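Okay, thanks for making time, everyone. Let me put the model up, and then we'll walk through its pockets.

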Amino acid sequence: MDRYLVFGHPVRHSKSPFIHTLFARQTQQELEYGLAEPAVDEFAHALRTFFDQGGKGCNVTVPFKEQAFTLVDCLSPRAKRAGAVNTIKLTDDGVLLGDNTDGAGLVADLKSDGVTLGDSRILLLGAGGAARGALAPLLAELPSELVIANRTHAKAQQLAAEFCDLGPVTAQTYEQLAGSFDLVINSTSASLQGALPPLAPALIHTDIAIYDMMYGASDTAFISWAKQHGARQTMDGLGMLVEQAAEAFTVWRGIRPGTKQVLRELKRNLGVI
């Protein structure tokens, strides 16, 4: 039976085995999917061992995505742009292909929730790996403007300069932010600590869409804050998790699973519904 894994540290909380088991059942694919939590300095060895022992593919999560980028034999265009790999496939000719499905998963989830990206003004909070993976797919949707805001302004400026060939992307400090945004995406991990990015409440209005890449059994700190200040459409990263997994499954198996029922099952598993 074909074997797949998710590598991370920590990774015991991962819902990837649950999701991919449902995908396999739905598409009648025979595979097994497990967890691997190597020490931070042992990822390269663990990855090589997995494929040497017959592994067919894997997902890669924190903190190994940038390291995986350097360990594969070739990169997809979107992985090359993102500078990080979250999906690896062993091709039929024995090549390790690195891909990045995070941004595609984000865009698919936003569209599934009815968010219009074309000609919209988007604010992206954070300038780390999650933001990097999202930028190219978001800019491909042709927003009127995409603004990156980050606590370290120089990092946001560097990211904007790197992606400015793909569309109208700029960097601003949190203090500089002004005007009306159609969509705010929080790519920071602040919600994991119950913290908030330093966003002015005045930027929140009733017609804005709020998206937090983090998720939990209840609203994240950022979503709760946005609701308190009048946001009516809020989304967490659970749908993105399922959509990026579906994209990875398609890379591996050549068949695209449906996501709506799997997302419902995942929410039930987490006690969200």
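So, which residues lie nearest the centre of the largest pocket? They're Thr-61, Val-62, Lys-65, Met-214 and Tyr-215, out of 35 residues that line this pocket.

Some ground rules. This is a predicted model, where local features need pLDDT of at least 70 and side-chain atom pairs count only at pLDDT 80 or more, while totals for chains, interfaces and linings use all residues. Numbering runs from 1 along each chain as its sequence is written, and side-chain values use heavy atoms, with hydrogens and water left out.

By pocket I mean an open set of points on a 1 Å grid over the protein atoms alone, where a 1.4 Å probe fits, with protein on both sides within 12 Å along at least five of seven lines; lining residues have an atom within 4 Å of a point.

The largest pocket comes out at about 1100 Å³, volume being the space filled by probe spheres set on the points, which are joined across faces, edges and corners. Helix α9 gives the largest share of its lining, 3 residues. (Helices are DSSP runs of H or I, at least four residues, and strands are runs of E, at least two, numbered from the N terminus.)

Now the second largest pocket, at about 350 Å³. Of its 22 lining residues, Asp-113, Asp-236, Gly-239, Leu-263 and Lys-267 are closest to the centre. Elements giving two or more residues here are α5 (102–112), β12 (233–235), α9 and α10 (260–270).
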